[in-house]
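Here are my notes on your model, as promised. I have grouped them by neighbourhood, so please keep the structure open beside you as you read.

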Amino acid sequence: MKRVELFAYPAWHSLSPAMQNAAFERLRIGARYLTREVPPGELPAAVAGLRDPEVLGANVTLPHKESVLPLLDAVSAEARGVGAVNTIVNRGGALEGHNTDVSGFMRSLADLKFDVNERKVVVLGAGGAGRAVAYALLMSGSGEVLVHNRGKERAERLAVDFSHLGEIRAVASDELETAARACDLLINATSVGLLREGMSFDETPLPAGQLPAAGAVIDLVYRPARTRLLRDAEAAGLVAQNGLPMLVYQGAEAFSLWTGHDAPAEVMLAAAEAMLAG
Ligand code: NAP
């Protein structure tokens with residue numbers, strides 16, 4: 001039986017095993033997707049283990065997405081551009097790194113029928129997800145990308161890193177309301193609103209009165225399915241989307257890279273929804 005591993009630390013309750021195993025079963029591919037707790041010091045050995053012919057590849061999540069790059073034989077232009085890998089493919093013992101968050105996000109935008117061309121976008125958060133989203137937007141021709149982060153230096157670094165790709169700048173707290181009200185698309189790429197132990201999931205990264213006057217709001221959070229941000233956006237008459245489409249599409253692209261088959265995205269979505277409901 002072939003296998004795909006998810007490297008995480010700490011290991012958390014991911015939806016990916018349910019999504020990927022449902023896809024393997026639907027296409028009758030003899031493979032299993034397993035979560036593996038990999039402490040940072042053990043990453044080199046875990047990556048070396050992926051060269052095994054029984055391994056199709058891996059997903060990589062926090063805190064390994066950046067540190068894994070130098071351990072690979074080749075890295076795609078997107079992963080190199082973002083500076084992070086979320087998918088590794090074992091091609092006959094040579095390890096190839098990809099970032100499917102970029103295309104996953106763009107496919108989720110296409111579902112909304114939102115053309116970013118020349119539009120003004122505000123991205124809240126400059127962590128791994130914020131970087132993938134900002135990169136995708138600039139590569140797709142966004143007019144201007146404005147990034148706000150709680151820790152301002154991280155947003156400034158992101159803007160400098162991507163300045164060669166298009167118009168991007170960091171916005172400070174005192175400029176955020178004006179920028180957000182005037183933008184066409186607002187994206188929450190922070191973990192604010194995420195349902196997790198010890199945190200109020202009714203938090204929002206932006207008060208309702210500061211939402212865009214028109215356009216769309218995407219919250220990359222998918223647990224809960226309707227965050228306070230999305231409920232406020234809907235109440236304001238804005239188009240609203242949660243992070244589930246992006247999660248499914250990044251997984252679907254990874255599946256295709258490992259297997260060479262088109263992924264059954266609807267089967268993966270149903271498996272993810274069943275996990276969230278359970
Ligand atoms: P990360 O690299 O750890 O970044 C976390 C981000 O959240 C940083 O911008 C951080 O700001 C911000 N943040 C955390 N707590 C905050 C608070 N109390 N107030 C304001 N900002 C806060 O994580 P990540 O990988 O980018 O993930 C970010 C979110 O995106 C998570 O909710 C994750 O589930 C979601 N995500 C979804 C998908 C999907 O497929 N839908 C994919 C990737 C990520 P500082 O820099 O100031 O700490």
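1. Let us begin with His-98, which touches Ser-76, Ala-79, Val-85, Asn-86, Thr-87, Val-89 and Leu-257, not counting residues up to four places away in sequence; contact means heavy atoms within 4.5 Å. You will find His-98 in strand E6 (residues 94–98). Helices (H or I, at least four residues) and strands (E, at least two) are DSSP runs, numbered from the N terminus. With a relative accessible area of 14%, His-98 is buried; the term means under 20% relative accessible area, with exposed over 50% and partly exposed in between (1.4 Å probe, protein chains only). The side chains of His-98 and Glu-96 are joined by a polar contact of 2.8 Å. A polar contact is a pair of N or O atoms within 3.5 Å; within protein, one must be able to donate a hydrogen and the other to accept it, and residues adjacent in sequence count only if both atoms are side-chain atoms.

2. A word on the ground rules. This is a predicted model, where local features need pLDDT of at least 70 and side-chain atom pairs count only at pLDDT 80 or more, while totals for chains, interfaces and linings use all residues. Residues are numbered from 1 along each chain as its sequence is written, and side-chain values use heavy atoms, with hydrogens and water left out.

3. Next comes Asn-99, in the loop between E6 and helix H4 (100–111). Asn-99 is buried, at a relative accessible area of 4%. Its side chain reaches two backbone nitrogens: that of Asp-101 at 2.9 Å and that of Val-102 at 3.4 Å.

4. Now for the aromatic pairs, of which the structure holds three. Rings of Phe, Tyr and Trp (its six-membered ring) pair if their centres lie within 6.5 Å; planes under 30 degrees apart count as stacked, over 60 as edge-to-face and the rest as tilted. One of them is the tilted pair of Phe-24 and Phe-255, at 5.3 Å centre to centre and 40 degrees between the planes. Phe-24 belongs to helix H1 (residues 16–26) and Phe-255 to helix H9 (residues 244–259), so this pair ties together parts that are 231 residues apart in sequence. Phe-24 and Phe-255 are both buried.

5. Helix H9 also holds Trp-258, whose partner Tyr-33 lies in strand E2 (residues 31–37), so that pair ties together parts 225 residues apart in sequence. The ring centres of Tyr-33 and Trp-258 are 6.1 Å apart with planes at 50 degrees, so this pair is tilted. Tyr-33 counts as buried at 3% relative accessibility, and Trp-258 does at 6%.

6. Finally, the ligand. How many residues surround the ligand? There are 19, and the closest are Ala-129, Asn-149, Arg-150, Arg-154 and Gly-243; a residue counts as near if one of its heavy atoms lies within 4 Å. H5 and H9 each supply at least two residues of this shell. A polar side-chain atom of Asn-149 lies 2.6 Å from a ligand oxygen atom, and a backbone N or O atom of Gly-151 lies 3.0 Å from an oxygen atom of the ligand.
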